[in-house]
Amino acid sequence: MIGIKSKSNSRLIFLATALIFSSGIVRGVVRSAPIRPIIVETANLSVVLDPSDGLPYKYLFGDGHIWGEDSGSPMTAILCRLRRRSYITVKLTPSFSKVTGTEVSFFFESDYRGRSAASFVLKYSLNGSSLTLTMEQVKENPGFELIEVS
């Protein structure tokens, strides 16, 4: 354990850490830019979405940007089979997407060991500088429940 004794030492440690990360010395797994991004924009904000996973890649505003989901980790769902109750975590990939003005809908279907279990839509709606994400059209097939999406 390293103890910091003064404010100037903590500033120095912060500065050194920032320089190491910004110079690329420390490299983790970072997702690649989407090949065919979906971009929705208003005068205040642009959102770059990856159609291969339905996740934001980058937010652009003025002269700056904020990274979206940058680790490349896929979305997952926890599904429950009700009879002979059991749970499974599955990776999610959009079946297709639909762009309408400043809205993008990603359609997802999830299978429980080869059986259709649930489907839903994740809808991104951009209004001014606000981005709203809603989960819509949730359908749980008989015998299954959609427990969580993350």
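Predicted model: local features only at pLDDT ≥ 70, side-chain atom pairs only at ≥ 80, totals over all residues.
Entry: I began with an open sheet of 4 strands, in which the order reads S1-S2-S3-S4 and the pairing is antiparallel. Strand S1 (38-41) and strand S4 (64-67) stand at the edges with a single partner strand each, so one side of each has no neighbour in the sheet. From one strand to the next, the twist averages 20°. I then followed S1 to its partner, strand S2 (residues 46-50), and found that the two run antiparallel and are joined by 4 bridges. For Glu-41, I noted that the bridge partner in S2 is Ser-46.

**Entry: Ser-110.** I located Ser-110 in strand S8 (residues 103-112). Is Ser-110 buried or exposed? With a relative accessible area of 2%, Ser-110 is buried, because the cut-off for that word is under 20%. Leaving aside residues up to four places away in sequence, I listed what Ser-110 touches, including Leu-79, Val-90, Leu-92 and Arg-115.

**Entry: aromatic pairs.** My search of the whole structure gave 5 aromatic pairs. One of them is formed by Phe-106 and Tyr-124, which are edge-to-face, with 5.9 Å centre to centre and 90° between the planes. Phe-106 lies in strand S8 and Tyr-124 in strand S9 (residues 115-127), so this pair ties together parts 18 residues apart in sequence. I noted that both Phe-106 and Tyr-124 are buried.

I also looked at Tyr-112 and Phe-144, whose ring centres are 5.7 Å apart with planes at 40°, so the pair is tilted. Tyr-112 belongs to strand S8 and Phe-144 to strand S11 (residues 144-149), so the parts tied together are 32 residues apart in sequence. Both Tyr-112 and Phe-144 are buried.

Technical notes. Residues numbered from 1 in each chain as written. Heavy atoms only, no water. Pairing = 2+ DSSP bridges. Axes fitted to C-alpha atoms, helices over the stretch in contact; angles between N-to-C directions. Buried < 20%, exposed > 50% of the residue type's maximum accessible area, 1.4 Å probe, protein only. Contact = heavy atoms within 4.5 Å. Phe/Tyr/Trp six-rings, centres within 6.5 Å; stacked < 30°, edge-to-face > 60°.
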